[in-house]
Amino acid sequence: PQQFGDWNLDKTIVPVQVDPEIQAKLDRIYSQMLSRTYVNQHGERVMLSIAYGTDQSDALKVHRPEVCYPSQGFEILRQEKTYWPVEGMNIPVTRLFSQSGSRSEPLMYWVTVGNLAVETGVKQKLAQLKYGLHRIVPDGLLFRVSTINGDFEAGTHLNEQFARQLLQSVSSDSKTKLGIN
């Protein structure tokens, strides 16, 4: 949505251009990508990126930020795998604190395989196998939110507040696609 909760689409922000080589990889992995920046009444900005792929097989699977960010010149200063309580569920999320020069960026993301929010790694592979046993090649997505903030805890809180309000504003079909079911 263009507006939800305390957030409005910030039309003044142009998404950062990705290195052409990385963009070519992303175009092979994902069928659709959405990148937006939202701003609240306090002037705080959160960047949203949703990347959807129709084929989450071994050949084509999500491009995780802890791999992507360093290839764009960021250093990962902190990484946490945890569960985020939202909508009566505990979504497996990864929180990162990245830095490039004077830019610090706390971010949070999760991955879906089919309609399941899964931990990356072995559990992601097991979800692929579960679908494969039924002769289904699952789709999947990466849902990422981040903010420019030198304080990891404050940035994480803002990311979670934003994501929670966004999820409250979307249809139940969209929630299912985002692994909230």
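This is a predicted model: local features need pLDDT of at least 70, side-chain atom pairs count only at pLDDT 80 or more; totals for chains, interfaces and linings use all residues.

Reader: Which residue does Glu-87 meet in a salt bridge?

Author: Its partner is Lys-175, at 3.1 Å from N to O. Glu-87 sits in the loop between β5 (75-86) and β6 (89-100) and Lys-175 in helix α5 (residues 172-177), so the bridge ties together parts that are 88 residues apart in sequence.

Reader: Is Lys-175 buried or exposed?

Author: Buried counts as under 20% relative accessible area. Lys-175 has 16%, so it is buried, while Glu-87 is partly exposed at 37%.

Reader: Where do Glu-160 and Arg-95 lie?

Author: These two side chains form a salt bridge of 2.3 Å, N to O. Glu-160 belongs to helix α4 (residues 152-169) and Arg-95 to strand β6, so parts 65 residues apart in sequence are tied together. Both Glu-160 and Arg-95 are buried.

Reader: And what does Asp-139 pair with?

Author: Asp-139 meets Lys-177 at 2.7 Å, N to O. Asp-139 is in the loop between α3 (122-133) and β9 (140-146), and Lys-177 is in helix α5, so this pair links parts 38 residues apart in sequence. Asp-139 is buried at 13%; Lys-177 is partly exposed at 30%.

Reader: Which residues do shared partners join into one network?

Author: Arg-78, Glu-80, Arg-95, Glu-153 and Glu-160 are joined through salt bridges that share partners.

How values were computed: Residues are numbered from 1 along each chain as its sequence is written. Side-chain values use heavy atoms; hydrogens and water are left out. A salt bridge is a side-chain nitrogen of Lys or Arg within 4 Å of a carboxyl oxygen of Asp or Glu. Helices (H or I, at least four residues) and strands (E, at least two) are DSSP runs, numbered from the N terminus. Buried means under 20% relative accessible area, exposed over 50%, partly exposed in between (1.4 Å probe, protein chains only).
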